[in-house]
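Hi,

Here is the structure I promised to pass on. Have a look at it first, and then read my notes below.

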Amino acid sequence: MAIQYDRIAKEIVEKTGGVDNILSAAHCATRLRLIVKNREIIDDDEVEKVDEVKGVFFTGGQYQIILGAGVVNKVYAEVEKLGVSTTNKADQSALAQQDQSKGKKLIRLLGDIFVPIIPIIAATGLCMGLRGLITNEMLLNLLGLGSSGLSESMTVMLSVLCDTTFAFLPALVCWSTFKTFGGTPLLGLIIGLMLVSTALPNAYAVATPDSGVVPIMAFGYIPLVGYQGSVLPAIMVGVIGSKLELKIRKIMPNVLDFMVSPFLVILIMMIVSLLVIGPVFHQIEMLVLNLMEGLLHLPFGIGGFLVSFLYPFIVITGVHHIMTTLEVSLLASTGFNQLNALYNMIFFALGFAVLAITIKTKKTRMKPAGYGAFLSQMLGVGEPGMFGFLLRYTMKPFVGACLVAGCTGMLATILGLSAKGMGAGGFIGFLLYMYDAHQLFIYFALVILTAILSFVVTWLFTVPKEFMEEE
């Protein structure tokens, strides 16, 4: 039966107080985000009865309704037709967070910057996993092809497919930052491309001792080098560049604005980026990455335990996008992503906790939603299960699953488990470990262990009594 998105939208609007109670609507990958006048008049249980609604919660000044990927954008389109004021996620976040601390605002802005480019990075991660499978010597030998089985043209095409995103990552980040802060996105794209111009010494080549490539020294002491794989310099260039553009356009006569404003922005930002922002923030970025790597290399896998255990709590606060920045930077600078393994332990721990509750509950109407939330979790989308089940009545099943994830995350760190990409959670995450048979085996074993432990712990100890009440 086809999903009636118009009916779902109408019921959501009615049960959240009607058009007059909704100041604005926006959406992210899985949630419909509403800013409402009066939160108190909304009955959460009634909203959760609407078809396709996996759960609701209120945070950051927003009433958030979990609908899931592929559904939320279609419901949002129908909500807009009902006369609800709509806005982009960044503008709505600014309105909702007027009373929040500067720290939270900053982290949420990072989320707004990375949300548009994460699908591209995730897709590239899957491509890297497939390349690892295709070029795996064990597989090639099994097929009788040997290491020379791939032609030069195939090797080149795989390189284009897998390496382009990270080669031009600063351009993507700068484009998204300009867009988030109200600048002209194409200006951000051009300035970002300047950071990786072929006229500059390639950053990866400079970092390779035997390459013979060295930075060009400006004024005798400022190194000029490309910023391939760098994230923080691109963000700062985007923030400063977009604000500069807005100021210039305010004072520029209309007759000159079309041509002169972009020229001045590009000229000034090229100079400032290469001589000031790039060198300074690249060093800051390296410091942050070294600190993260130091955490992950703490003895006995302590760092892995802390990341896997605490990350779901960070997701609840909504400031988890700071971890995305670190994940992108790790992958771009080292080619490996240790954080993905820790996140995936979380996905499986939470997912099988949801499955245990779903099977054991006596509330028959919740079983279809539970199986749907489990499937969603296995595909890398965790909000339906987290907010619809694990945090529904008490935090016990949530904390239990986090402890399991922490323990297997600790094992993942001790065993040196690292992905060749990012953004792929749950079962799709297997693709990121196919580059190496040993890594794939470790990942598979830890996933099985996580699933079993989380299911057993939840079934025996943490299912809330409310789920066991007859309807």
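This is a predicted model: local features need pLDDT of at least 70, side-chain atom pairs count only at pLDDT 80 or more; totals for chains, interfaces and linings use all residues.

Residues are numbered from 1 along each chain as its sequence is written.

First, the overall picture. The protein chain has 20 helices and six strands. Of its 471 residues, 48% are buried, where buried means under 20% relative accessible area, exposed means over 50%, and partly exposed is in between (1.4 Å probe, protein chains only). The accessible surface of the chain is about 21600 Å², and carbon and sulfur atoms account for 68% of that; these areas come from the Shrake-Rupley method with a 1.4 Å probe, and for residues only the protein chains shown count as cover. If you take the contacts (heavy atoms within 4.5 Å) between residues at least 6 apart in sequence, 72% of them join residues at least 24 apart.

Most residues other than glycine have a negative phi. Glu52 is not a glycine, yet it has a positive phi of about 75 degrees. You'll find Glu52 in the loop between helix H2 (44–48) and strand S3 (55–59), and it is partly exposed because its relative accessible area is 28%. Phe300 isn't a glycine either, and its phi is positive too, at about 65 degrees. Phe300 sits in the loop that runs between helix H13 (254–296) and helix H14 (302–317). With 67% relative accessibility, Phe300 counts as exposed.

Next, a residue inside a helix. Thr458 belongs to helix H20 (residues 437–462), and it counts as buried because its relative accessibility is 1%. Which residues does Thr458 touch, not counting those up to four places away in sequence? They are Ala353, Ala356, Ile357 and Val463.

Last, the cysteines. Taking a disulfide as a pair of cysteine sulfur atoms within 2.5 Å, the count comes to zero. Cys162 has 0% relative accessibility, so it counts as buried. Cys174 is also buried, because its relative accessibility is 0%.

Cheers

Note on methods
Side-chain values use heavy atoms; hydrogens and water are left out. Helices (H or I, at least four residues) and strands (E, at least two) are DSSP runs, numbered from the N terminus.
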